[in-house]
Amino acid sequence: MKLTHYQSAEEFLTTTRETMEAHEVVNSLMLGIAENLTQNPHFYSDADPYLAVVEHDGRQVLRATMTPPYGLLLTYPSPPEAEAFQLVVEDIQEKGLPLANLSCTKPIAEQFAQAWANHHQGSYQLEMAQRLYELRTVNPVENVPGEIRTAVGADVPLLVEWMIAFEIDCFGKLESEEERITKNVAAGVAAGSWGIWFNEENPVSMVVSGRPTRHGISVSGVYTPPEHRKHGYASACVAAHSQKLLDQGYQFCSLFTDLANPTSNSIYMQIGYQPVADFDKFKLIPPQS
């Protein structure tokens, strides 16, 4: 086996795009991130991205991307052998990159976490169990008061405030720098990527789309402030925004959920999102000194 490290997302995609697009929905997160990095190598962080492919007999067996300080993302055409994990672990250590967590489909995520723990004499624990969904036909949500509107520049401060609350709700902490959140929200609003559900003139829920791939686009950032919950605003907002994306020509929308929240998983399925794969996010714990 050999590991090849790529200096640019363009080079990485030249090598991986065809094999990843064979399973475009499952690989949509990595594909979308790489596409964003072709536009701006520092879209996600100031650090240079980590982009690597492990091959065996000329065949790709494992793909790895990371935008430090964010975690490692792994994808693969078929379950790889342990040697592939070891090559990535050693390469990341050799480059001195911080590695706090990793995400991948079951059961590969835990196998890699175990390889990392064995190499570093550390440990790991499940941080979040997620499910990836795809939608190709929307089931309309009816009898919810209000309408969706595309966010405009004046909405940026509110969306930044809600995005901060969203991260704290989802992850228990703010994972992104507020300055970067503001920058990305402003850019997304300028591109028409944010939707806000208004009940009369009151903004009550939000959604954002991004990371487009050849045939699809990701939906995320679904957030309703606590005082506006239990009225169906999020369902209506996501359904309307998803329909808009399909109307624009995308063949599918993809969406990740936290499996610890059965309510949101049920809501998305009612809208028309169908389960595709389960992902695990593991926290990597270095040995105590």
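Trainee: Where is Glu 200 found?
Mentor: Glu 200 is in the loop between β8 (194–199) and β9 (202–210). Those labels are DSSP runs, numbered from the N terminus: helices are H or I with at least four residues, strands are E with at least two. This is a predicted model, where local features need pLDDT of at least 70, side-chain atom pairs count only at pLDDT 80 or more, and totals for chains, interfaces and linings use all residues. Residues are numbered from 1 along each chain as its sequence is written, and side-chain values use heavy atoms, with hydrogens and water left out.

Trainee: What is phi of Glu 200 near?
Mentor: Near 60°, which is a positive value in a residue other than glycine. Glu 200 sits in the hairpin of β8 and β9, with two residues between the strands.

Trainee: Is Glu 200 buried or exposed?
Mentor: Exposed, because its relative accessibility is 64%. Buried means under 20% relative accessible area, exposed over 50%, and partly exposed in between, using a 1.4 Å probe and protein chains only.

Trainee: And β8, how many of its residues are buried?
Mentor: Five of its six, so the strand is mostly covered.

Trainee: How many bridges pair β8 and β9?
Mentor: Six, in the antiparallel sense. Two strands pair if DSSP finds at least two bridges between them. Phe 198 stands opposite Pro 203 in β9. Four bridges join β7 to β8, also antiparallel. There, Thr 150 has Gly 195 of β8 as its bridge partner.

Trainee: New topic. Where does Asn 143 lie?
Mentor: In the loop between β6 (123–135) and β7 (147–150). Asn 143 counts as exposed, at 79% relative accessibility.

Trainee: Which peptide bond to Pro 69 is cis?
Mentor: The one from Pro 68, with omega near 10°. Pro 69 is in the loop between β3 (59–66) and β4 (72–75). The bond from Lys 106 to Pro 107 is cis too, with omega near -10°. Pro 107 is in the loop between β5 (101–105) and α4.

Trainee: On to helices. At what angle do α3 and α4 pack?
Mentor: About 55°, with axes 9 Å apart, for α3 (residues 82–94) and α4 (residues 108–120). So α3 is oblique to α4. Under 35 degrees is roughly parallel, over 145 roughly antiparallel, 65 to 115 roughly perpendicular, and the rest oblique.

Trainee: Which residues make the contact?
Mentor: Among them are Phe 85 and Val 89 of α3, and Phe 112 and Trp 116 of α4. Contact means heavy atoms within 4.5 Å.

How values were computed: Axes fitted to C-alpha atoms, helices over the stretch in contact; angles between N-to-C directions.
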